[in-house]
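Student: I would like to learn how to read a structure like this one. Please take me through it feature by feature.

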Amino acid sequence: MAIHFTVSERQQLAALVALRVSKIAIARRLQRAPSTIFRELKRNCGDTGYQAGSAQQQAVMRHTHRHRKMDSPEVAEYVKSRLELRWSPDQIDGRTRRDFLDDRLRRISRQTIYNWLKQPAGSEHRQYLRFYREKPPLRRRVDPAQTLPNRPAIIGRRERFGDWEGDTLVGRKGISKPVLYSIVERVSGYLELARGENREADTANRILRRRLNQYPPNWLQSCTFDNGAEFAKVGELESVLQIEVYHTQPYKAWQRGTNENTNGLIRQYFPKGTDFQQVSQAELTTAESQLNTRPRKRLGYQTPQELKNKYC
């Protein structure tokens, strides 16, 4: 659902308000948070109550006014000069309320500043922020049948061997940079660690196929990945390896908890920012071997290698 109210929603809201329906009930009818309904009524009610047409007009004017403030040379110069002094958008917002108490046109909200910084015109001034993080890219859509809610419960209960989780560890930023691919068996915690020259889907498939193909069918029940672009073609492994493939829900890394915990252990050897181009195969093999022979409390202090030898 869109963040902002549509004309249709405002018409429905006006009708429900006229019928004296409670705000909580209106929120349920419109599938909106109650706080959203309260805020909409507070901001756009006129002398005659809430009217859809006037509410829409007020919202449009407010939106237009907010995004054009940085077109004012005076406002833009004020904001830019303060950003260059390492002021945060919040500090600039608060200061304009003191410096321009009687001039609303010179006052500017921190959200307007952030919106401007996201645009090309503000790109040069992002460097002055203490923190700036781009909005995460939208994840690709996957077949609903392959998402975690449709994964057999037996996998979550760790009642059989052969259910794997896969992920990517990034070193230096850039899709062309070498990365590590980690594949972990859920019951034993046994790790397969390999370097790939990039994060492209074909590269990921080639590495996954090579690493998993060495196991017998009873150790190839399923494999769960996230929605990263490098795993866009893992569905092909189903026919090649006769293994079920699933994806976690977007931005829910904890749904691959075994893999995430193992990645934390791998980072003891290769901290974030490591240039994997400079890591030798011997170093990768050593890290993989040491992790697979490290006793684990949840395994009764057995090692992943010992369990692998027992069941594979």
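**Reading the model**

Tutor: Start with arginine 256. Not counting residues up to four places away in sequence, arginine 256 touches Glu165, Gly166, Asp167, Thr224, Phe225, Asp226 and Thr248. Contact means heavy atoms within 4.5 Å.

Student: What kind of model is this, and how are residues numbered?

Tutor: This is a predicted model: local features need pLDDT of at least 70, side-chain atom pairs count only at pLDDT 80 or more, and totals for chains, interfaces and linings use all residues. Residues are numbered from 1 along each chain as its sequence is written, and side-chain values use heavy atoms, with hydrogens and water left out.

Student: Where does arginine 256 sit, and is it buried or exposed?

Tutor: Take the terms before the case. Helices (H or I, at least four residues) and strands (E, at least two) are DSSP runs, numbered from the N terminus. Buried means under 20% relative accessible area, exposed means over 50%, and partly exposed is in between (1.4 Å probe, protein chains only). Now the case. Arginine 256 is in the loop between strand 5 (244-247) and helix 11 (257-266). Its relative accessible area is 2%, so arginine 256 is buried.

Student: How many helices and strands does the protein chain have?

Tutor: The protein chain has 13 helices and five strands. Its radius of gyration is 27 Å, well over the 20 Å that the globule rule gives for 312 residues, so the chain is more spread out than a compact globule. That radius is taken over C-alpha atoms, and the rule is 2.2 Å times the number of residues to the power 0.38. Along its principal axes, the C-alpha trace spans about 75 × 50 × 35 Å.

Student: How do I read a pair of aromatic rings?

Tutor: A pair of aromatic rings is described by the distance of the centres and the angle of the planes. Rings of Phe, Tyr and Trp (its six-membered ring) pair if their centres lie within 6.5 Å; planes under 30 degrees apart count as stacked, over 60 as edge-to-face and the rest as tilted. By this rule the count comes to eight aromatic pairs. One of them joins tyrosine 269 and phenylalanine 270: it is tilted, at 6.4 Å centre to centre and 45° between the planes. Phenylalanine 270 also pairs with phenylalanine 276, edge-to-face, at 6.2 Å centre to centre and 80° between the planes.

Student: Which residues have a positive phi although they are not glycine?

Tutor: Glutamine 31 is one of them, with a phi of about 55°. Glutamine 31 lies in the loop between helix 2 (23-30) and helix 3 (34-44). At 64% relative accessibility, glutamine 31 counts as exposed. Arginine 158 also has a positive phi of about 55°. Its place is in the loop between helix 8 (153-156) and strand 1 (163-170). Arginine 158 is partly exposed, at 34%.

Student: How do I compare sequence separation with distance in space?

Tutor: Read both numbers for each pair. Tyrosine 246, in strand 5, is buried at 9% relative accessibility. Tyrosine 246 and asparagine 150 are 96 residues apart in sequence and 8.4 Å apart in space, C-alpha to C-alpha. Now take arginine 43, in helix 3. Arginine 43 and arginine 172 are 129 residues apart in sequence and 46 Å apart in space, C-alpha to C-alpha.

Student: What does arginine 43 contact?

Tutor: Leaving aside neighbours within four places in sequence, arginine 43 is in contact with Gln58 and Arg62. Arginine 43 is partly exposed, with a relative accessible area of 42%.
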